[in-house]
Amino acid sequence: MNLFEKNFNHQIISRLEDSGTFTVTSHERAWLKTMLNHPAATDAFTAATLTKLRSVLEPDPVMDIDDHLIEKARAKEKQVYHPLLRLLRRLIMNQSGFRITYEVKGERVYTDYSGFPYKLEYSMVKREWYLIWYNIRHQSVMSTRLKKIHAVTQEPIEPAEVEMIRKKIEETLDNRRTEAVIEITLTTTKNCPASFMLSLALRKK
């Protein structure tokens with residue numbers, strides 16, 4: 001590739017990036033079409049988006065994995081995508097309040113509590129989503145598993161109150177944060193499980 005071709009390609013890519021457009025390869029399109037057949041796709045996308053993606057990808061082939069991958073004795077699959085993720089993500093982005101009905105230990109259910117959603121977290125160990133939110137009635141920071149949330153509805157909240165709540169949440173989380181130095185002596189990494197090293201690398205308390 002000569003200098004003029006590089007310059008031309010750079011200009012094209014820059015214009016695409018500025019317009020919010022990105023290019024995908026045929027392998028990426030085939031992978032996406034294959035993933036859209038997964039049951040979780042109906043939760044990950046709205047019906048309109050799913051229909052549009054399938055329409056756009058109709059001429060593309062699905063990824064040919066049957067002849068190359070063999071599945072043996074897999075563990076019971078957990079649903080990584082939760083139906084409430086899309087709604088909660090939108091509430092967090094818009095800094096909106098909500099009313100939440102959720103369950104705690106002992107199967108006790110708390111109904112229609114006003115709150116503010118702060119952050120979504122995913123536990124690699126438990127393979128579950130958690131919602132970090134502020135309970136306005138009790139003035140406390142909560143961490144609730146998404147599978148324990150029964151219902152969520154949007155509720156308006158004043159911008160001044162949002163700033164105050166966010167400050168309280170950040171102060172509480174900072175006070176809870178602790179640091180520790182872990183020293184592990186290994187003569188070799190040959191017999192060290194990769195899952196242990198990954199879990200240690202991702203652990204943050």
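Reader: What do the numbers and values rest on?
Author: Residues count from 1 along each chain as its sequence is written, and side-chain values use heavy atoms, without hydrogens and water. In this predicted model, local features need pLDDT of at least 70 and side-chain atom pairs pLDDT 80 or more, while totals for chains, interfaces and linings use all residues.

Reader: Why do β1 and β5 count as paired?
Author: Pairing requires at least two bridges found by DSSP. Six bridges join β1 (residues 97–104) to β5, so the two strands pair. They run antiparallel. G97 has E155 of β5 as its bridge partner.

Reader: What is the order of the open sheet, and which are its edge strands?
Author: The order is β4-β3-β2-β1-β5, with antiparallel pairing. β4 (140–145) and β5 (149–155) are the edge strands, because each pairs on one side only.

Reader: What joins β3 to β4?
Author: Six bridges, and the strands run antiparallel. N135 has S140 in β4 as its bridge partner. Four residues lie between the strands of this hairpin, where Q139 takes a positive phi near 50°.

Reader: How is helix α5 placed against β2?
Author: α5 (residues 85–93) lies across β1, β2 (108–123), β3 (128–135) and β5, at about 85° to β2. Contact means heavy atoms within 4.5 Å. Angles run from 0 to 180 degrees between N-to-C directions of axes fitted to C-alpha atoms, for helices over the stretch in contact.
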